[in-house]
Amino acid sequence: MTVSGEEGTLNAADVESALHDHFNEIKDCYRLGRRPPRAGARLVLRFFVNDKGDVDDVSIVESNIGSHIVERCIADIGLGVVFEQPAGHKPATFDYPVEFRAARQLTADRQRTP
């Protein structure tokens, strides 16, 4: 499976690995909100990756978080992610969904798994 960009291509496993290193920072951003975190909050980030694998820009294409401060913080974390060099040595653009769930919901989901 690959994540295709406008010209370059990124491997989905490499994308997951690069973003995984920043999950705790993203969670910290989410906790910045003045209101208690909403269960089921979601946003979609659009990454613009240059031919070397560096992120040139991150935009938010969808969000129900309800806090510009939290959204901007998460996008800023995305700017610091470094990906493998896209195949073809050309820039790539892709969307990446980020979902937040209540701790109780995560526990309940785990209990249902055989």
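The model is a predicted one. The position of His-22 is in the loop between α1 (12-20) and α2. Which residues does His-22 touch, leaving aside its neighbours within four places in sequence? Its contacts are Ile-77, Gly-80 and Val-81.

One of these contacts, Ile-77, belongs to the buried set of α3. Helix α3 spans residues 68-79, which is 12 residues, and from its first C-alpha to its last it reaches 16 Å, close to the 16 Å expected at 1.5 Å a residue. The buried residues in α3 are Val-70, Glu-71, Ile-74, Ala-75, Ile-77 and Gly-78. Because they cover an arc of only 155° around the axis, they lie on the same side of α3. His-68 and Ile-69, on the other side of α3, are exposed. The cover over the buried residues of α3 includes the helix α2 (23-30) and the strands β3 (41-49), β4 (55-63) and β5 (92-100).

Between α3 and β5 runs a loop that contains Pro-91. Leaving aside its neighbours within four places in sequence, Pro-91 is in contact with Glu-7, Gly-8, Val-49, Asn-50 and Asp-51. Among these, Val-49 is in β3, which covers residues 41-49. Pro-91 and Val-55 are 36 residues apart along the chain, and their C-alpha atoms are separated by 9.6 Å.

Arg-42 forms a salt bridge with Glu-62, with 2.6 Å between the closest N and O atoms. This pair links distant parts of the chain, since Arg-42 is in strand β3 and Glu-62 in strand β4, 20 residues apart. Both are partly exposed: Arg-42 has a relative accessible area of 26%, and Glu-62 is at 42% relative accessibility. Glu-99 joins Arg-42 and Glu-62 in a network of salt bridges.

Strand β3 has a further pairing. Arg-46 forms a salt bridge with Asp-95, the closest N and O atoms being 2.6 Å apart. Here too the pair links distant parts of the chain, with Arg-46 in strand β3 and Asp-95 in strand β5, 49 residues apart. Arg-46 is partly exposed at a relative accessible area of 30%, and Asp-95 is partly exposed at 37%.

Asp-28 forms a salt bridge with Arg-31, and the closest N and O atoms of this pair are 3.1 Å apart. Asp-28 counts as partly exposed at 45% relative accessibility, whereas Arg-31 counts as exposed at 56%. The count for the model comes to five salt bridges.

The remaining values describe the chain as a whole. Its secondary structure comes to four helices and five strands, and from the N terminus on the elements run β-β-α-α-β-β-α-β-α. Of the contacts with a separation of 6 or more, 67% are between residues 24 or more positions apart. Buried residues make up 33% of the 114 residues in the chain. The accessible surface comes to about 7300 Å², and 49% of it belongs to carbon and sulfur atoms.

Methods:
Residues numbered from 1 in each chain as written. Predicted model: local features only at pLDDT ≥ 70, side-chain atom pairs only at ≥ 80, totals over all residues. Heavy atoms only, no water. Helix = DSSP H or I, 4+ residues; strand = E, 2+ residues; numbered from the N terminus. Expected span 1.5 Å × (residues − 1). Buried < 20%, exposed > 50% of the residue type's maximum accessible area, 1.4 Å probe, protein only. Arc of directions from axis to C-beta. Contact = heavy atoms within 4.5 Å. Areas by Shrake-Rupley, 256 points an atom, 1.4 Å probe, with all protein chains shown as cover. Salt bridge = Lys/Arg side-chain N within 4 Å of Asp/Glu carboxyl O.
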